Amino acid sequence: MRVSERWAAVVLGLALWLLGSLGVEAQSYESALEKFAGDSYNETDAAIAGIAASGNPLAASVLEALQDARLLFGDDKRIFLRDKAGTLRDAASGKPVESTATLKPVRINNRIRRSIEAALGGLTLLSADPGKRLEAAQAVFKSKDGKALPALEQAIGKEVDLGIKRALEEARAAVLIYSPTATEAEKLEAVGQIRRRGDQDARGLLAGLPGDLSQSLRRTVADAIAAIDNRLAAWNVVQNLWYGLSLASVLLLAAIGLAITFGVMGVINMAHGEMVMLGAYTTFLVQEVIRGSAPALFDYSLAIAIPLAFLVAGLVGIAIERGVIRFLYGRPLETLLATWGISLILQQAVRTSFGPTNREVGAPHFMSGAFELGGLTITWNRLWIIVFAGIIFALLLAVLRFTTLGLQMRAVTQNRRMSAAMAIATGRIDALTFALGSGIAGLAGVALSQIDNVSPNLGQGYIIDSFLVVVFGGVGNLWGTLVGALSLGIANKFLEPYAGAVLGKILLLVIVILFIQKRPRGLFALKGRAVEA
Amino acid sequence: MITRRLLQAPDGRGRVFLAILVGLAVVVPVLNLALPPASPLHVSTSTVALWGKYLCYALLALSLDLVWGYCGILSLGHGAFFALGGYAMGMYLMRQIGTRGVYAHPLLPDFMVFLNWPELPFYWWGFNWFAYALAMVFLVPGALAFVFGWFAFRSRVTGVYLSIITQALTYALMLGFFRNNFGFGGNNGLTDFKDILGFNVQAAPTRAALFALSALALAAGYLAAQAVVRSKAGKVLVALRDEESRTRFLGYRVENYKTFVFTLSAAMAALAGALYVPQVGIINPSEFAPANSIEVVIWVAVGGRGTLVGAAFGAVLVNYAKTTFTTGLLAPYWLFALGGLFVLVTIVLPKGILGLLSKRAPPAPATADWPAPRLEGAGEAPMRAGTPSGQLNRDDRATARPPASGLPQPAE
């Protein structure tokens, strides 16, 4: 929609421009072309400037021909160019011609080559392709080449796309600031323009200015740099927050299932990470089937994988609970060991059936790419994962709050024996809780398959982190898990710039270890006599 | 008096264990060095090194059994103390290379020259002296365990919470040691050792001596652990393992006992690591991997928790199985076997092999009474028909079991 609008605008603009200026340009283009026949460097240089300013559609191919010594002139002062295929064409009309006259190439030297490059740069500013225009504007912004100024002015006059127009104006401002001929007032205005741009490049541009500036200009530049610095610092904080939020959503997804099983059953499930892995491999399998039999459905692959991953991980969870954990209630440390053994078996099983290497899980259309928001680049997959984590969290809260199963789960968490006395089948609740927790881990696997390598070791990377989240947040409290994930995720991303990724992680581990000394039951500990039992 | 107590302590099984160890320490080096390779009784040097490694693992398992079997602290980070002890020994061995390294630098180990380090960092000072390195083998892991234990036990971090933070500890150390700028060789760790106390580490006599030392260290570790668990303090340890709150209410400073035994155990694990490194010829950060530490737990569980001898036995058994498995056609199935072992032992063999073999009640606890984590709900043993645990409520159990030690001694 936006793209087509932009195209329509471009076409309209080009048409208006052609109508308004056709006559004059034909004139100036041809008179400029004649100068090539003068066979002197000065005249060639003037011809280049004239051609570039003419706006003739042939201008670019003439200049390119000149660059490659394919621009020829005959004794009759007519100019020809030999195109890349070797056909001789009349430079004025672009039509193929036969010429019997002896032709000599227009000579060039280094000065002329520079002029050609600048002129060609200017010409792409007028290109019909908006992407090329934007690129050219950015190139001029970096090169600050004064020769591009006329083309810039012309391009600004014609530009209809607001974003490109701003880029062009910023490029002009960059040229003006560095131009020895621009007036003080022009420069001041240009500094204001750069200040409004306000990114790292703008700061670099201003900071790179030579020292011999007038008093007022120097002050304005210093102000602008300070303003840009403030803005950058603010965006940096926002960016860290965003990255932290993104990490937190991943942690939340990985930890939330663990929080349920740990909270309700007091069971440390070391195989939890492997449930995440199973979810990711389910996604892989779904995509394989879709690729093989129904490629049209690829965009829906995740939607298909979500319930399947929940089912697969949930069923494996029930199998583990009924087959192993059931026999170990009241012995949490042994449960930890047994589930560790299960995790080894699951990992090895996946390794033997799918191979030890990473498997390719594709991103559906709506999850690829990124968009800009202020000084921030937001990738769609991260955004969707945050949304997904939020939805899962809300759903789980609703299940716990409004369903019978949720009620019974909360009862068992708070007082297992009293619940049993109230005719709640605690064994059944345990199995269902374990299935629910594992199923949610499977859902996490679907999400993580989009941002992480799908390999047999996928789960291992998350298990320690998610334990820390659960322990930090406090057991038996979903909000505690949310706060734990948010604080650990954001703290991690804020520590990283100062300490580096690895050291930041170590610092965080130390902080959590110290925190547990202070509050051994986590941030939101359950209170009451039963806790001390 | 202390000697007498040390020697009196072992029961029949312990005496057999000690006799085997001393016998191994004497016989294996003789069979390796004195007999020609052609002789059927000859023990090859590689076998000596392999079994020396097993004995180090056995000492590590023994140290874990001391805290887990007798004090209820399931440490999932004992590999960290093992590796730290190993690194201390590795640093000594690195300094002994001297100018024989690739870069022939007189002072700096190769990896530091490679990374353009200008001088030896302060924490490497003194490691050219064996006595200093040996002291560090015990002091660094001991101090870490003391500080960590002091904080953790004073805050009453117990059960699975403690297990998780010990795991986080070794994980953090692993991440740190993987970094080049930590000054311990990063990824590659410390290797290419040449001499230990002037003897070539590769030579057969050195290997045999290291084997004998490992066997003797295991024996000494067993005697020390035995002395601790047979002492009055040992009775308190068992008491607090089974009923921590009650022990505290009786006036014992539970955290002091725990910190003491945790530190002692860490020092034993560190000694095992120090003996391990010259025999395998390398120490690198993967020794800190949480998976390694958990594997140690299964050695103890297989052999029999709370038996000391069983822990050592389990370590040798599981590692022998691992070597056999991973060098043959069955290599891809080793993890299935190990995982299955975890599950089977915890469900079917809660007392380990030794508990199965022995009709006499070992000092192992009744598994039903393991302290549950102090969580709501889970802290209470579940009420369910068919589950052997927790049918008694707390008052019943209190009357059903005599106090753990004869005379309660209030701690100072």
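These exercises work through a predicted model.

**Exercise 1. Describe how α8 and α11 of chain B are arranged, and list the residues that meet.**

Step 1. Locate the helices. In chain B, α8 covers residues 204-230 and α11 covers residues 254-280.

Step 2. Take the geometry. Their axes come within 10 Å and cross at roughly 170°.

Step 3. Classify the angle. Angles over 145 degrees count as roughly antiparallel. α8(B) and α11(B) are therefore roughly antiparallel to each other.

Step 4. List the contacts. From α8(B) come B:Arg207, B:Leu210, B:Leu213, B:Ser214, B:Ala217, B:Gly221 and B:Val228. They meet B:Val261, B:Leu264, B:Met268, B:Leu271, B:Leu275, B:Pro278 and B:Gln279 of α11(B).

Step 5. Sort by class. This contact has ten nonpolar, three polar and one charged residues.

**Exercise 2. Work out which strands stand at the edges of the four-stranded sheet in chain A.**

Step 1. Write the order. The open sheet runs β3-β2-β1-β4, with antiparallel pairing.

Step 2. Read off the ends. β3 (88-90) and β4 (104-105) of chain A each have a single partner strand, so one side of each lacks a neighbour in the sheet.

Step 3. Check one pair. β1 (residues 71-73) of chain A joins β4(A) over two bridges. A:Leu72 has A:Pro105 as its bridge partner in β4(A).

Notes
Residues numbered from 1 in each chain as written. Chains lettered and ligands numbered in written order. Predicted model: local features only at pLDDT ≥ 70, side-chain atom pairs only at ≥ 80, totals over all residues. Axes fitted to C-alpha atoms, helices over the stretch in contact; angles between N-to-C directions. Parallel < 35°, antiparallel > 145°, perpendicular 65-115°, else oblique. Contact = placed C-beta atoms within 7 Å. Nonpolar A, V, L, I, M, F, W, Y, C, P; charged D, E, K, R; others polar. Pairing = 2+ DSSP bridges.
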